[in-house]
Amino acid sequence: MKFTIEFSPKKYFLRIIILSSTLLGTCYYISPYIALFEFQKALKNQDQTTYANYINFPSVRKSLKPQIKLALTKAVTGDFNLKPYRTLSLIFIDPLVNGIVDATVTPRGLKLLLENGTILQDNKSSEKSNSKQKSSNQSDTSQSKASKKEKNQIKLYYSNLNLFVLSSQKSSTETPIKAFWQRNGLFKWKLSSFIIPSDFLNLR
């Protein structure tokens, strides 16, 4: 009795197409998770070269500036009740905002923002923004230590096929920090913007 194996080119190529499509679709779907893993590792190791490849710096700065400017304006106008001094203080808002944004969009700044919900202020802005900052340094340090012990609730999800969201929320807060990742090509992603709750932006 003889056995013959029939070779069907159509079935063979159909299987290859199905397998390739499945593999491509899987890579397409999990690509933001891989990007976030590599980004987190770069932040932890303070690998500026690697982490910079995952950030759209102009877009991130553009999203942070209005939020930080609004919070800083509220802090300044709240401290100066007299209108002439309030107007004068507003002149220095933009330089302060630029300094805070530049300090935030760094490996250390983004790590603090995503893990602790802390806006990192550079030395110049912290000296100019508020004299109360010096007296609150010790309490801020103790709060930051406590916040490190507090585990964040992390959620990862697609907003649409080209936009991925990392949501980081503490158990003590009602609103999460959201980091938005934009697809860059088929499999590459870049951090493009943030939405930060107002209670995280207490710059007073």
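1. Start with the β3–β4 hairpin: three residues sit between the two strands, and Gly-185 in the turn has a positive phi of about 90°. Helices and strands here are DSSP runs (H or I, at least four residues, for helices; E, at least two, for strands), numbered from the N terminus. Keep in mind that this is a predicted model, where local features need pLDDT of at least 70, side-chain atom pairs count only at pLDDT 80 or more, and totals for chains, interfaces and linings use all residues. Residues are numbered from 1 along each chain as its sequence is written, and side-chain values use heavy atoms, with hydrogens and water left out.

2. β3 (residues 177–184) and β4 (residues 188–195) run antiparallel, with seven bridges. Pairing requires that DSSP finds at least two bridges between two strands. Lys-178 has Ile-195 in β4 as its bridge partner.

3. On to β2 (residues 163–170), which is also joined to β3 by a hairpin, this one through six residues. These strands pair in the antiparallel sense over six bridges, and Ser-168 faces Ile-177 of β3.

4. Now the helices. α1 (residues 9–44) packs against α6 (residues 107–116) at about 115°, their axes 9 Å apart. Axes are lines fitted to C-alpha atoms, for helices over the stretch in contact, and angles run from 0 to 180 degrees between N-to-C directions. The crossing is left-handed, i.e. the near helix is turned anticlockwise from the far one by less than a right angle.

5. Who touches whom? Phe-39, Leu-43 and Lys-44 of α1 meet Pro-107, Leu-110, Lys-111 and Leu-114 of α6, contact being heavy atoms within 4.5 Å.
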